[in-house]
Amino acid sequence: MLGKYLDIVREKTPLVHNITNYVTVNDVANVILACGGSPIMSDEPEDVEDITSICGGLNINIGTLNQSSIRGMHLAGKKAQELHHAILLDPVGAGASRLRTGTAADLLGKIHFTVIRGNISEIKALGIGTGTTKGVDADAADAVTEENLDSMICFVKGYAASTGSVIAVTGAIDLVADSERCFVIRNGKPQMGKITGTGCQLSGMMTAFITANPDNVLEAAAAAVCAMGLAGEIGYSHLAEYEGNSTYRNRIIDAISLMTGEQLDKGAKYEIR
Amino acid sequence: MLGKYLDIVREKTPLVHNITNYVTVNDVANVILACGGSPIMSDEPEDVEDITSICGGLNINIGTLNQSSIRGMHLAGKKAQELHHAILLDPVGAGASRLRTGTAADLLGKIHFTVIRGNISEIKALGIGTGTTKGVDADAADAVTEENLDSMICFVKGYAASTGSVIAVTGAIDLVADSERCFVIRNGKPQMGKITGTGCQLSGMMTAFITANPDNVLEAAAAAVCAMGLAGEIGYSHLAEYEGNSTYRNRIIDAISLMTGEQLDKGAKYEIR
Amino acid sequence: MLGKYLDIVREKTPLVHNITNYVTVNDVANVILACGGSPIMSDEPEDVEDITSICGGLNINIGTLNQSSIRGMHLAGKKAQELHHAILLDPVGAGASRLRTGTAADLLGKIHFTVIRGNISEIKALGIGTGTTKGVDADAADAVTEENLDSMICFVKGYAASTGSVIAVTGAIDLVADSERCFVIRNGKPQMGKITGTGCQLSGMMTAFITANPDNVLEAAAAAVCAMGLAGEIGYSHLAEYEGNSTYRNRIIDAISLMTGEQLDKGAKYEIR
């Protein structure tokens, strides 16, 4: 059922404007191309409104924010909202510094995001003011587990209700929810945590998915999460014994570029709660 | 005949100063090393004049321009011109935003570029004020085809005559021209379009080629285009069925690093018109 | 003997704050993850003090410095020093421009660095005001060789004594010294010089090593150098005949991610002088 959302990305080739960090930006561009979208990067305040206007979606990632790019995020977000574009927020490191938490909160106050995607610590930092973000990784104490699953689903649906956004929390178990339905996704491999930027890549790809599927944002966001996790499984299966995290990074993007909707349908592991 | 220009890059190890975007900068550095050059990146206005002074060539790419790097481009370009260095402009996204089109035009007004390299939409945006740049990719409507080849060659030679620069337009068919001669190049694979930054990489490598071959700029620029396309063909031939666009990116740079002048002579597919 | 310092990185998962260049930053993040650390990147002055406070170590690399990141380096360095964190300086391009040489000197005047790691030209530029830095690579005239080894060891120990820092000079022969002892290391492959950022990667990894091993900084820094060189040997041994510098880059990080302390003990090639 989710595979068709990938097929539609490939048919529509959505143009995605990214204001993202310089750490993982190349991988974000390559994964957007791999899934069938077309990426553009621009963070200069004087440039972002024109660039976002020719795109269909906007991906805002605060991973290496600075004073200039923060202005760019606000200008691009405002313009994209006027144009009814899909807009995604990846609040990298929210909870880890006042500037990051504050910037994410400011953006959330002024722009309506179609999707907010982060790890559980980042989402808790924004949703309930706690969450002990360990740098850019979630704290183990916050993790979504089989034991706390019911209450975490409840939290995520509640945050979706209060923001009016689809909320995507990724980790060992991924949750993608609006106020009423939550996709609980169990694709992926723990080794993906040893690669920098799988979260950033997912945010870029998810923006392509929700841009191409504006009437099915929840399903499209869930499809992107399943695709990333499935690519992690496929990429891992092809590693030689001497290949480690850097080759794995490439093989995940490779698997996205070769994935069909049918393959995604067969490999997606989720339930709806 | 073109292979010797690669051999000369390897002999001279030209130092290339790059003011380039943060999306593809790592690949640009690796491809310059791969072809035999030595890359330095610096965009801070207070730093660029010293850095460009110790180099032999300057590669200006406006892919993620900002107010500070634009100042850096002008200062470095002015200094490089005083020192008679090879200077290349890659007007990424010209036609897609006023800032990009305006910045490229300003630079062209103040600095004489040895080579201008872009996709056809970017070059049309600069050369005749049209060109419907689709983000950072050329619009299909602008493409150089067998059908419009004569008129495109005429356009490119005319733009070369009016700027005094060698013009390199890359796409399915590549054109590299001065006012009198045009290399029409048919190397490459369509799959290269699914990798971010092959154009940026080519600009970096081309700057190394024209820096090492100052008396044969047209031939050196054409050699760089053939080398990139041939590397795309070689890299593609070694992909396993589970390897996609991210591994392909690496294999193209690999093929450059292993390419000999003799191999380039045999693999280059071009005619001179 | 040195392998245990790698094991300890894996046990402690040190959080490393990096203010580093945008050219090689993705590889720096991946290599820190590969060795067992956890990387965070932040250079915005308003953000760096909070970020460095939640980390255990700070890696300052001036590769693509700008006015804003220079302020960030000073603020982060001051805060990290107050918190007794491990702090490393990688003075990329010191000697190549006044801004780089001056920034490195300013930082050295105000912050006590646990380790200073660079190529020989950079270290000479800082230590004795000479050194003919060839861009971001060492000049061949400065190289550490078997012939000048005694005098180079003497210079490096002297510079360690005058700064109170461990000095790591990397090249064909690597030297890692405090005022009394010098590790002379002969791991690595000359082909590593054709990959951008092996030095930056080493600085990131070394910061993880010295953060996790605060009571054995000299040994931990030497262990990081041996690990990088050994990874270069292992990665090279797995290259197919059609794989070149870009795949090699990935395989080196792969080898780090798979390296055990025992493997490092067996493969490390060094003497103490």
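Q: In this predicted model, what counts as two residues being in contact?
A: Two residues are in contact if their C-beta atoms, placed from the backbone, lie within 7 Å, and in this predicted model the contact between chain B and chain C takes 29 residues from chain B and 27 residues from chain C.

Q: Which elements of chain B give two or more residues to the side that touches chain C, and how many residues of each class does that side have?
A: The elements of chain B that do so are α2 (25-35), β2 (38-41), α3 (45-53) and α10 (245-258), while the class count for this side is 15 nonpolar, eight polar and six charged residues.

Q: How many residues does the contact take from chain B and from chain A, and which elements of chain B give two or more of them?
A: Here 27 residues come from chain B and 29 residues from chain A; the elements of chain B giving two or more residues are α5 (98-110) and α10, with α10(B) giving the most, namely five residues. By class, this side of chain B has eight nonpolar, 13 polar and six charged residues.

Q: Why can one say that the copies meet through different surfaces?
A: The copies meet through different surfaces because only 10% of the interface residues of chain B are also interface residues in chain C.

Q: What rotation superposes chain B on chain C, and where does chain B come nearest the axis by C-alpha?
A: Chain B is superposed on chain C by a rotation of 120 degrees with 0.0 Å of shift along its axis, at an RMSD of 0.0 Å, which is the relation of a three-fold axis. In chain B, the C-alpha nearest that axis belongs to B:Tyr22, 3.5 Å from it.

Conventions. Residues numbered from 1 in each chain as written. Chains lettered and ligands numbered in written order. Predicted model: local features only at pLDDT ≥ 70, side-chain atom pairs only at ≥ 80, totals over all residues. Least-squares fit on C-alpha atoms with pLDDT ≥ 70 in both. Helix = DSSP H or I, 4+ residues; strand = E, 2+ residues; numbered from the N terminus. Nonpolar A, V, L, I, M, F, W, Y, C, P; charged D, E, K, R; others polar.
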